[in-house]
Amino acid sequence: MDRGSTFGRRDWLKGSLALGGLASLPGCAASMGGGPASASAATGGTSRIVPMRISANELIDVKCCIRPFRALGCRLDTETIGDTFVIHNYGHGGSGWSLSWGSAEIAVGKAMSVLPKEIAVVGCGIVGLTAAIQAQRAGLKVTIYAREMMPRTRSFRANGSWTPSSRIALTAPAGPGFAALWEQMARTSWKTFRTYLGMPERPVDFSVSYGLSDTPPRSREEHEVDPAAPSFATTGMPQQKTEFAEYDHLIKDIIPQSVDVAAQDNPFGTAYCRAGERMYFNFASYSHLLLSEFFQQGGKFENRDFHSPADIAALREKVVINCPGYAARDLWRDKSIIPVRGQTGWLVPQPETHYGLYYKNVSLLSKSDGVMIMHTSAELGDMEGVGNSMELPDRDSIVEGLAKVAPLFARMKGARA
Amino acid sequence: MTRPRNMMLRALPFVALPALVLAMTTAATGQQPGASTARGVYTDAQAAEGAELYKAACAMCHGENLMGTYDIPTLTGRFLRNWSNGSVGALFTYVSDAMPQMAPGSLSPEDNARIVAYLLKANGMPSGAQPLPADSAALNRISFEPVRAR
């Protein structure tokens, strides 16, 4: 199918979900027909939209990272190594931030089953740090052992948006059991992130995300795996974008759905516009809050580089929550981890803007530490970056993305002049 | 059995066990006792070959000077802390399985040994008369021991 300039729900999702993208508007296909009144409420009208400054000269960072994808979904099983009880908590694909609290709840619950007083957490990305805090909240003494502290982990190279089913599993291998587990994790996480709303420095926030197109968006997407074509079942690697699980519909009762925006309320002048409120995380303030809570509760951090599972069994703590992320591939020789590359560019912060958008496979999101930009493929969807463990950033691709969205804002300025 | 052995067993956990294990390992493998990076376990020629391989396979991420970046680990300094006090085999196994990150496992064991030799040299370990073996069992018996710690 020629995707050309058309796009559907899945393209919006996939185009922007690369690292857990922002401008994906969950359920927007289902929301076709949302009334102008609700659209107006969502967008707040045109008068409050400040154009973003889109300039390669203000591109201050390009970050690349590898999502730890597993076809079966994240790993939460346990094993005993020597006299050490290990609870695995890794392989969250592009959903680590979003599922961090729900996943921590499950992992800590398993740790509690052996009645420890103190535990170790291996890894200090978003999954490890959150698990450590969850364990403290359950009354445990916690030491984190990790090579890097949060700001230098791969988690910080994500885009930090609520994208709980971004590259989290393949539908068929994961099965309905994982779907139910995912829903539990997503709801727990959502509830926990709610407790951070309205705080100073906005560690967790909402903003409007616009989905823009010059041509009619498709109202339906194909979602069938082609049984005759190569697939994960026949090759051991994802081969079709339709193999990737979509679970967002399971929680749409609590997630704002996007709505059509009437032409008079569309600040961008595109023929088609949808908008919806999206949750996202501000890296600096949120991670500072987490680290502060961890240390205030007596948490210890020890800089360690693990080379084999035996190193973990040698830890003083005999209950260990294992959160190595992509490093599980090397540390645990876990080849079920499939690398999925993604990258983001960051413009100088523009606090006067408070929204995101998706247009021509480019996502933008104004965050406290910069305006995040992703530029993804029109055709690949969730297959983009699959199997690619090259972690060097490609700045040129980001600059090309900037050129695609710049005209949107030039038009806005022209209209106001 | 005999009284002397019983006495020895009693003392083992406190004094002699590590030495005994080392002695037994040495006897079984034929390695020199206490094979250590501090006593020259690679040759200069091998490290020079490793340097060339490094330029081609590693430098694009870790940098020409092994300094890494904010996101990519440095291969000196903290590297020494992270890997020393284990075995050279652990490092060799990691490099063999996980590197280069964009094509893990794509280098031959001999080339990985050359790169490890280069890393040892870059971290101040002395060279010696024998090249570093390209066999993880043998490398597991060589301790990665910082010179400065001695």
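**Exercise 1. Find the largest nonpolar core in this predicted model, and say which residues have the most contacts inside it.**

Solution. Start with the count: the largest nonpolar core holds 101 residues. Next, pick out the residues with the most contacts inside this core, which are Ile119(A), Val121(A), Ala131(A), Ala135(A) and Ile321(A). Then ask where the core draws its largest share: helix α3 (residues 96-112) of chain A supplies eight residues. Finally, look for a second, separate core; this one has 26 residues, among them Tyr42(B), Leu75(B), Val95(B) and Leu119(B).

**Exercise 2. List the residues that Val121(A) touches, leaving out those up to four places away in sequence.**

Solution. With those sequence neighbours set aside, Val121(A) touches Gly128(A), Ala131(A), Ala132(A), Ala135(A), Val142(A), Ile144(A), Ile321(A) and Cys323(A).

**Exercise 3. Describe how α4(A) and α7(A) are placed relative to each other.**

Solution. First locate the pair: helix α4 spans residues 126-137 of chain A and helix α7 spans residues 283-296 of chain A. Their axes come within 10 Å and cross at roughly 40 degrees. An angle under 35 degrees would count as roughly parallel, so α4(A) and α7(A) are oblique to each other. The crossing is left-handed. Now name the partners: α4(A) contributes Leu129(A), Thr130(A), Ala132(A), Ile133(A) and Gln136(A), while α7(A) contributes Leu290(A), Glu293(A) and Phe294(A). Sorted by kind, the residues of this contact are five nonpolar, two polar and one charged.

**Exercise 4. How many residues does each chain bring to the contact of chain A with chain B?**

Solution. Chain A gives 10 residues and chain B gives 13 residues. On the chain A side, two are nonpolar, three polar and five charged.

Key:
Residues are numbered from 1 along each chain as its sequence is written. Chains are lettered from A and ligands numbered from 1 in the order in which they are written. This is a predicted model: local features need pLDDT of at least 70, side-chain atom pairs count only at pLDDT 80 or more; totals for chains, interfaces and linings use all residues. Two residues are in contact if their C-beta atoms, placed from the backbone, lie within 7 Å. Ala, Val, Leu, Ile, Met, Phe, Trp, Tyr, Cys and Pro count as nonpolar, Asp, Glu, Lys and Arg as charged, and the others, Gly among them, as polar. Axes are lines fitted to C-alpha atoms, for helices over the stretch in contact, and angles run from 0 to 180 degrees between N-to-C directions. Helices (H or I, at least four residues) and strands (E, at least two) are DSSP runs, numbered from the N terminus. Angles under 35 degrees count as roughly parallel, over 145 as roughly antiparallel, 65 to 115 as roughly perpendicular and the rest as oblique. A crossing is left-handed if the near helix is turned anticlockwise from the far one by less than a right angle, and right-handed if clockwise. A nonpolar core is a set of buried Ala, Val, Leu, Ile, Met, Phe, Trp, Tyr and Cys residues joined through C-beta atoms within 7 Å. A residue is buried if 20 or more other C-beta atoms lie within 10 Å of its own, exposed if 12 or fewer, and partly exposed in between; C-beta atoms are placed from the backbone.
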